[in-house]
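Colleague: I have this one open now. Please walk me through it, and keep it brisk.

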Amino acid sequence: MADPGNRSGDGRVPIEPQTIDAPLTRHAVFLVLTVAPGSDPLDAVRSVLSDVDGLVKTVGFRDLGASFTCTVGIGAAIWPGLTGLPLPRELHEFTTITGARHTAPSTPGDLLFHIRSDRQDLCYEFERLLLEALGDAVAVADETIGFRYLDTRDLLGFVDGTANPVGHHLPESTLVGEEDPAAAGGSYVVVQKYLHPLASWHALTTEQQEAIIGRRKADNVELDDAESGQKAHKTLATIVDDAGVEHDILRDNMPFGSPGTATFGTYFIGYSRELWVVERMLERMFIGDPPGLHDRLLDFSEAVTGSVFFAPSAEALANLGSPAPTGTGTPAPVDETGPAGAGTGSLGLGLGGLRGTRTTPQQSGDER
Ligand code: HEM
């Protein structure tokens, strides 16, 4: 977690990458990429990722008041070859969940870039430079451009994000700790893109909508949980373990779409210290609790993508370009001045001098 003083608004430095609790912004881009097979694309990706801090400075410094930041997530399939690090304990690909009425599909994704700013042009600029640097090592699986709608509402008209953890609960809920030392400071990230058939949602009464969500629409006040039978979304998404402990996640959902194309959506993004918590939420939503009584929100929200990533700490990300210490890999040379490409650790955008000293050696990772 970044030092809270190290935020935009103090007019001094851009927000450090991997700051998952970065301020809520007016704009975001959710970019999911697949990486081409073979070791050369992985080398190119490793080089770019280890210098994301430089690219964040390059773009973020142009308007320090615009809360620009980026969080990178890495998928299970490329994790070993890309990082040379042990797989974070719970990391695996998104598991399709098939309920009686609705399915949460698993869709391709090796890398996630969660790009946030109060200025859409800064998101655009970062994405442009990023994709230029990655070149044909990657293909775009999904690009979703999100925007804040009114007072942080989803396109169904409800305020979204209220119950997020705050204070010390936030890092406790989102950052891996001593339970997995190699992954400490990182976070599991689950993304899903949902499409809303708005006309049928609008055909419901406000009271029906409120019963589905579990909050009042106008003033956002929470409704009581149902004693039995159909549960509201907010109840199904509340996870309490056998010891009575509630497990929270951090959501930074954003609306996307446009009336002109009749596309109305919510991009769900959840950060969690424990992947099982998000998976339990999804099971309760799609299969139901009790099974059969699924989340009625899904009758008006179709999941069209689903991927899981792990967002390593900023330090672990920056160290990806470092030489290998052990194992079978040959130490990867770290060229502080060279152009973009395998093993150079530079984006080739004149950012080499911005990078700090690598301190944690990594395996070069030349296989997937
Ligand atoms: C179409 C997609 C979704 C929409 C429009 C949506 C909307 C909302 C809204 C309006 C609330 C109530 C206010 C708040 O606390 O934020 C809420 C609560 C919540 N949602 Fe969602 N949500 C969506 C999908 C999901 C998914 C996929 C998950 C988890 C896998 C999830 C997890 C939660 C959690 C944990 C809460 C807070 C529950 C509590 O009160 O403790 N949501 N959501």
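Modeller: Terms first: helices (H or I, at least four residues) and strands (E, at least two) are DSSP runs, numbered from the N terminus. Residues are numbered from 1 along each chain as its sequence is written. This is a predicted model; local features need pLDDT of at least 70, side-chain atom pairs count only at pLDDT 80 or more, and totals for chains, interfaces and linings use all residues.

Colleague: How many helices and strands does the protein chain have?

Modeller: The protein chain has ten helices and 14 strands.

Colleague: What is the mean pLDDT of the chain?

Modeller: The mean is 88, and 85% of the residues reach 70 or more. pLDDT is the predictor's confidence in each residue, from 0 to 100.

Colleague: Over which residues does pLDDT stay under 50?

Modeller: Residues 1-8 stay under 50, and the model has 17 contacts for them beyond four places in sequence. Over residues 324-368 the pLDDT is also below 50. That stretch has 109 contacts in the model beyond near neighbours in sequence. A contact means two C-beta atoms, placed from the backbone, within 7 Å.

Colleague: What share of the contacts with a separation of 6 or more is between residues 24 or more positions apart?

Modeller: In the protein chain, 75% of them.

Colleague: Ligand next. How many residues surround the ligand, and which are the closest?

Modeller: The shell holds 26 residues. Phe 158, Ala 163, Tyr 194, Ala 237 and Ser 301 are the closest. A residue counts as near if its C-beta atom, placed from the backbone, lies within 6 Å of the molecule.

Colleague: Which strands and helices supply at least two residues of the shell?

Modeller: Strand E7 (187-195), helix H8 (233-236), strand E12 (263-272) and helix H9 (275-286) each do.

Colleague: And by class?

Modeller: The shell has 13 nonpolar, eight polar and five charged residues. Nonpolar covers Ala, Val, Leu, Ile, Met, Phe, Trp, Tyr, Cys and Pro; charged covers Asp, Glu, Lys and Arg; the others, Gly among them, are polar.

Colleague: Back to H9. How many of its twelve residues are buried?

Modeller: Nine of the twelve are buried, so H9 is largely enclosed by the rest of the structure. They include Leu 275, Glu 279, Arg 284 and Phe 286. Buried means 20 or more other C-beta atoms within 10 Å of the residue's own; exposed means 12 or fewer, and partly exposed is in between, with C-beta atoms placed from the backbone.

Colleague: What span should H9 have at 1.5 Å a residue?

Modeller: The twelve residues should span 16 Å, and the end C-alpha atoms are 17 Å apart, which agrees. The expected span is 1.5 Å times one less than the number of residues.

Colleague: What follows H9?

Modeller: Gly 288 follows, with a positive phi near 105°. Then a cis peptide bond joins Asp 289 and Pro 290, with omega about 0°. Pro 290 sits in the loop between H9 and strand E13 (302-303).

Colleague: Which other residue has a positive phi although it is not a glycine?

Modeller: One is Thr 152, at about 55°. Thr 152 lies in the loop between E6 and helix H5 (169-174). Thr 152 counts as partly exposed, because 17 C-beta neighbours lie inside 10 Å. Ala 262 also has a positive phi of about 55°. Its place is the loop between strand E11 (254-258) and E12. With 10 C-beta neighbours inside 10 Å, Ala 262 counts as exposed. For background, most residues other than glycine have a negative phi, and most peptide bonds are trans.

Colleague: Strands now. Is E1 enclosed or open, and why?

Modeller: Eight of the nine residues of E1 (residues 27-35) are buried, so E1 is largely enclosed by the rest of the structure.

Colleague: Which strands does E1 pair with?

Modeller: E1 pairs antiparallel with strand E5 (residues 111-117) over seven bridges. Nine bridges join E1 to strand E6 (residues 138-147), also antiparallel. Strands pair if DSSP finds at least two bridges between them. Ala 28 has Arg 116 as its bridge partner in E5 and Gly 146 as its partner in E6.

Colleague: And what about E2?

Modeller: Six of the six residues of E2 (residues 69-74) are buried. Thr 69, Thr 71 and Gly 73 point one way, and Cys 70, Val 72 and Ile 74 the other. E2 pairs antiparallel with E5 over six bridges. There, Gly 73 stands opposite Leu 112.
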